[in-house]
Amino acid sequence: MYDLHCHLLPGIDDGPQNLDEALALARHAVANGITHAVTTPHVHPGRYNNTHQSIQKLLKQFQVMLQEAAIPLKLRAAGEVRISPEIIPMLQQNQIPFLGTYENQSVLLLELPHSHIPPGSDKLVDFLIKQNIRPMIAHPERNKDVMRNLKKLEPFIDRGCLMQLTAASVAGDFGSSCQDTASAIIQNHWATILASDAHNLSHRPPELKPGFNAVAKLLNTDAASAMIIDRPKAISAELFAHD
Ligand SMILES: [Fe+2]
């Protein structure tokens with residue numbers, strides 16, 4: 001399975017805080033059947049000042065640690081980019097990381113605040129698409145505006161945004177409101193992929209199987225496989241090309 005949204009690098013955001021925690025997460029991912037992961041540290045100016053360059057540097061160090069620990073997880077890195085005006089100058093300086101490609105466009109994992117959808121988000125999406133960048137909205141089912149009214153997602157769907165649902169949301173681990181929203185997104189055929197959004201072993205572990213089972217029940221196993229294998233594999237193919 002392919003996990004394109006998870007926090008596995010040590011000490012770079014609110015994911016694992018040290019090497020032991022990070023290796024434990026990677027081991028857990030492998031035990032859960034995750035073969036390939038693109039770790040996506042927060043890129044949130046003012047809070048987590050990560051850039052494509054700083055993330056790649058830490059990735060290289062962590063890949064050596066994975067090898068030394070004999071953990072067979074194929075790991076690459078991108079980022080979970082908070083929606084903000086700073087994205088524009090960061091793009092100009094090549095500081096924004098990408099998850100891969102979809103229909104010849106670079107895929108950007110875009111994070112909305114949990115509380116609401118900021119005014120002007122549609123304008124930023126228009127700007128990105130003009131730059132040949134396809135936004136993938138991170139866990140829309142956990143956004144309060146969307147949970148109240150699914151129509152709030154339509155401006156993003158209409159513009160061709162991809163949607164990443166968190167596997168645990170679909171499985172019900174974030175409560176019934178979140179699960180109902182995730183189920184509605186899936187039944188509308190709006191969901192592109194599932195990912196773990198793993199941060200730690202206790203509350204948010206790197207697991208995709210519970211989400212797979214939930215999608216298989218809602219739709220069917222082919223649709224579930226597409227969300228955890230076929231689509232994430234195709235999107236991240238370039239990142240894993242040199243294996
Ligand atoms: Fe995340």
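Predicted model: local features only at pLDDT ≥ 70, side-chain atom pairs only at ≥ 80, totals over all residues.

Q: Is proline 232 buried or exposed?
A: Proline 232 is placed in helix H10, residues 221–236. A residue is buried if 20 or more other C-beta atoms lie within 10 Å of its own. Because proline 232 has 27 C-beta neighbours inside 10 Å, the residue counts as buried.

Q: Which residues are in contact with proline 232, leaving aside its neighbours within four places in sequence?
A: Contact here requires C-beta atoms within 7 Å. With neighbours within four places in sequence set aside, the partners of proline 232 are Tyr2, Leu4 and Ile193.

Q: Within what arc do the buried residues of H9 fall, seen down its axis?
A: Helix H9 spans residues 209–218, and its buried residues are Gly211, Phe212, Ala214 and Val215. These residues line one face of the helix, because the arc within which they fall, seen down the axis of H9, is 165°.

Q: At roughly what angle do the axes of H9 and H10 cross?
A: Two packed helices are described by the distance between their axes and the angle between them. H9 passes H10 in a right-handed crossing. Phe212, Val215 and Ala216 of H9 meet Thr221, Ala223, Ala224, Met227 and Ile228 of H10 in this contact. The two axes come within 7 Å, and their crossing angle is roughly 145°.

Technical notes: Residues numbered from 1 in each chain as written. Helix = DSSP H or I, 4+ residues; strand = E, 2+ residues; numbered from the N terminus. Buried ≥ 20, exposed ≤ 12 C-beta atoms within 10 Å, placed from the backbone. Contact = placed C-beta atoms within 7 Å. Arc of directions from axis to C-beta. Axes fitted to C-alpha atoms, helices over the stretch in contact; angles between N-to-C directions. Left-handed = near helix turned anticlockwise from the far one by under 90°.
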